[in-house]
Each structure stands twice: as structure tokens, then as C-alpha cells.
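Subject: Handing over the structure

Hello,

Here is the structure I promised to pass on to you. Please have a look at it first, and then read on for what turned up in it.

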Amino acid sequence: MDSVDRASNSPVVVAIDGPSGSGKSTVSRAVAARLGLSFLDTGAMYRAMTWWMLANDVDVDDPEAVAIACTKPVIVSGTDAAGPTITVDGQDVSGPIRGPEVTAKVSAVAAVPAVRARLVELQRGCASHAARGIVAEGRDMGSVVFPDATVKVFLTASEQARSERRAAELRAKGLDEATITAMAADLARRDAADSSRETAPLTRAADAELVDTSELTLDQVIGTITALVEDRAGLTAA
């Protein structure tokens, strides 16, 4: 279905960044679906790399070991907003990469420059193959990966709101309360680690629109960003 009326033939890149629990994935996927764009969850790529490291007994706390090993796994991200996928060496890892073991170690793996260099190359490749354009969400989309993005958004929310959302999300997946409490409480640690790393830290790009989702409904956030993209990129939602 043709759901986009573009003003030009140039692919649109919408970069959405923000901390854990701000709603990046849900919002980005919904915006992509409304505008007929591809969708890229870059966090899933870092999780996939971390999962592979753990599965292959690489010491993820040894940056040199991680740097050497990061060229080995074949990571492929499907960019269909209706059903995004992530595989490692041909194996669907969309479930395993969301586990507590990966969550606990993904910041350490993501901080290794060689890992970021390899995955940034893959992320830009995904965008170059998106004929209509792409909505890419992560932590350095607007600042590093797509510095010339058509639209840049930085989603944020209060720590309490983000913690409550993450807990609800994990509860919906059927995790036990002890695991939910531990993973929800880990938000602050991950944000601190990702914001303070030397390579491509979590930060708001100077030209990114700030959207605080603390008091907004999901539909309001999606509507706000969709309208912004429509205005900036000349797109029309279906």
C-alpha cells in the first residue's frame, strides 16, 4: 500500500534517541508504520552482539577480547515495521536478546569502539537500502550514526515513569516479579554507563527536538512525532 506522498525522491531518515523506558521502540515502530517507512531498532543489534559474545564465552568485560571477536557474528536486522526481525548467524534471537543476562552486559559491549564501528556501518547500510526512508531508534542516531537526518527527536521521561513502563512491559512478557524489579531498577545504571562512555555516548543532538513523554499518552507521542516528520519531510500518513 502506498502510504507516503513524498515531496522529493530523497530517502527520509528519522533519528529517534533517548534513554531506556522512554518509549523509543514502540513510538518509532508506530511512526514508521503510519508513514510507510522502514524501521530499525539499533538497540537490538547491540543486544544481538552481546548475546553472541555470551553464547561464545567471550569475556564481555575485556574490551580487547570483545573488539577481536566482534567481526565474527553475522547480524541481520529486518526493517519491516510490521514485523521487525533480528538474527545472528541465521538464528532468530529476538527473544533471547531481551533476557536479564544480555541486559546486564549490553552497555559494556556497546562501549567498545570496534563494536560501535561495525554496527554503525550495518545501520547505515540498512538506511541506504530503505527506498522510502527509515525511522532509526537508539542512543546515538542523531549525534553519530545519522548526523544529517531529516528529522531528529530525543525522547525522554522522568526516571519514575520510565521505570514503571519498563516494569509493565516485562510483566506483560510473563517475567517473575523479582526479575522485573531488578531489570526495572537497572535503568539508572544503564543510562549512566551509556551517557558517560567515551565513544558515542547517549546524548541529545544539538538540533534534535526534545519530547518529554512523562505526561503524554502513547498516541499523543506518536501523533506529535508523526506531525513533525510530515512537516519537515513532506510526508503524508495513510
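Strand β7 covers residues 151-156 and is mostly covered, with six of its six residues buried. Please keep in mind that this is a predicted model.

Which strands pair with β7? On one side there is β1 (residues 12-17), which runs parallel to β7 and is joined to it by four bridges. Within that pairing, Ala15 stands opposite Lys152. The other pairing is with β8 (residues 209-212), again in the parallel sense and over four bridges. There, Leu155 has Val211 of β8 as its bridge partner.

Stepping back, these strands belong to an open sheet of five, in the order β2-β6-β1-β7-β8, with parallel pairing. β2 (38-41) and β8 stand at the edges with a single partner strand each, so one side of each is left without a neighbour in the sheet. From one strand to the next, the twist averages 20°. Helix α1 packs on this sheet, where it touches β1, β2, β6 (133-138) and β7, and its direction makes about 175° with that of β6.

Helix α1 spans residues 24-35, and Ser28 is found in it. Is Ser28 buried or exposed? Its relative accessible area is 0%, so Ser28 is buried, the cut-off for that being under 20%. Apart from neighbours within four places in sequence, Ser28 is in contact with Ile16, Phe39, Val135 and Glu137.

Next comes helix α2. Eleven of its 14 residues are buried, so α2 is largely enclosed by the rest of the structure. Among the buried ones are Thr42, Ala44, Tyr46, Arg47, Trp51 and Trp52. The length of α2 also agrees with expectation: at 1.5 Å a residue its 14 residues should span 20 Å, and its end C-alpha atoms are 20 Å apart.

How do α2 and α4 cross? The axes of α2 (residues 42-55) and α4 (residues 100-110) come within 8 Å and cross at roughly 105°. The two helices are therefore roughly perpendicular to each other. On the α2 side the contact is made by Tyr46, Arg47, Met49, Thr50, Trp51 and Leu54, and on the α4 side by Glu101, Val102, Thr103, Lys105, Val106, Val109 and Ala110. Sorted by class, that contact has eight nonpolar, two polar and three charged residues.

Finally, a word on helix α7, residues 159-172. It has 14 residues and reaches 20 Å from its first C-alpha to its last, close to the 20 Å expected at 1.5 Å a residue. Buried in α7 are Ala161, Arg162, Arg166, Ala167 and Leu170. After α7 comes Gly174, which has a positive phi, near 85°.

Conventions:
Residues numbered from 1 in each chain as written. Predicted model: local features only at pLDDT ≥ 70, side-chain atom pairs only at ≥ 80, totals over all residues. Heavy atoms only, no water. Axes fitted to C-alpha atoms, helices over the stretch in contact; angles between N-to-C directions. Parallel < 35°, antiparallel > 145°, perpendicular 65-115°, else oblique. Contact = heavy atoms within 4.5 Å. Nonpolar A, V, L, I, M, F, W, Y, C, P; charged D, E, K, R; others polar. Buried < 20%, exposed > 50% of the residue type's maximum accessible area, 1.4 Å probe, protein only. Pairing = 2+ DSSP bridges. Expected span 1.5 Å × (residues − 1).
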